[in-house]
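Have the sequence and the coordinates open as you read.

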Amino acid sequence: MGPPPTEPIGLQLSRTAKVLSRAFDQALAAAGGSLPVWLVLVSVKGQRHGRQRQLAEAVGVEGPTLTHHLNKMEAAGLVTRTTDPRNRRVHRVELTEQGEAVFVRLRQAAMKFDRRLRAGITAEQIDTLADVLGRLRLNAGEEPAHNQELEP
């Protein structure tokens, strides 16, 4: 049996994701950051919950991995961690002034990268892409989000 007549869509997506991920990493590095730093900063800034456990879920990492990143970010002066006085097991994470400045710089880099990716693609094509990617996630077995409804 020979190769499939067309490259499987999963393989196309996997290859594309790797190319985009490397390019995004490079864009963030050029702005003085990294993907883990960006994910933590944007999660703390956007969610305002600041609890380490919730932050780990939002970033998509396990607790020990997040702790490693937070240790480095705290040493660099980007975040502070404090114990919740009502529950000593709960640690709150907040951005420092320096963390806010790095957030702004990395946000600009992320937005510039997004504009680069959207070049030559219409708004309608972007909407279609979002729909197709959502359908692929569902087809792969992801549970739909509460606000995500796709027609069968």
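First, some ground rules. This is a predicted model, in which local features need pLDDT of at least 70 and side-chain atom pairs count only at pLDDT 80 or more, while totals for chains, interfaces and linings use all residues. Residues are numbered from 1 along each chain as its sequence is written, and side-chain values use heavy atoms, with hydrogens and water left out. Helices (H or I, at least four residues) and strands (E, at least two) are DSSP runs, numbered from the N terminus.

Let's begin with helix α5, residues 97-118. The expected span of a helix is 1.5 Å times one less than its number of residues. Which residues of α5 are buried? They are Gly99, Val102, Phe103, Leu106, Ala109, Ala110 and Phe113, where buried means under 20% relative accessible area, exposed over 50% and partly exposed in between (1.4 Å probe, protein chains only). Looking down the axis of α5, you will find these buried residues within an arc of 135°, so they line one face of the helix; the arc is that of the directions from the helix axis to the C-beta atoms. The background is helical geometry: an α-helix has 3.6 residues a turn, so residues three or four places apart point the same way. Just after α5, Gly120 has a positive phi of about 80°.

Ala23, Phe24, Ala27 and Leu28 are buried in α1. Their arc around the axis is only 135°, which puts them on the same side of α1. On the other side, Lys18 and Gln26 are exposed. Both α2 and α5 are among the elements covering the buried residues of α1. Just after α1, Gly32 takes a positive phi of about 85°.

What do these buried faces lead to? A nonpolar core is a set of buried Ala, Val, Leu, Ile, Met, Phe, Trp, Tyr and Cys residues joined through side-chain atoms within 4.5 Å. The largest one here has 26 residues, and Val40, Leu41, Leu55 and Leu106 have the most contacts inside it. At least two residues of this core come from each of α1, α2, α3 (52-59), α4 (63-75), β2 and α5. The biggest contribution is that of α5, with six residues. Take Val40 as an example: leaving aside neighbours within four places in sequence, Val40 is in contact with Leu55, Val59, Leu66, Leu70 and Met73.

On a 1 Å grid over the protein atoms alone, a pocket is an open set of points where a 1.4 Å probe fits, with protein on both sides within 12 Å along at least five of seven lines; lining residues have an atom within 4 Å of a point. Grid points are joined across faces, edges and corners, and a volume is the space filled by probe spheres set on the points. The largest pocket has a volume of about 490 Å³. It is lined by 17 residues, of which Thr16, Leu20, Leu117, Leu129 and Leu133 are the closest to its centre. The elements giving two or more residues to this lining are α1, α5 and α6 (123-139).

Finally, a few single residues are worth a visit. Gln26, in α1, counts as exposed at 56% relative accessibility; its C-alpha is 10.0 Å from that of Phe113, 87 residues apart in sequence. Glu74 lies in α4 and is partly exposed, with a relative accessible area of 32%. Leaving aside neighbours within four places in sequence, Glu74 is in contact with Val79, Thr80 and Arg81. Arg86 sits in the loop between β1 (79-84) and β2, and counts as exposed at 71% relative accessibility.

How values were computed
Contact = heavy atoms within 4.5 Å.
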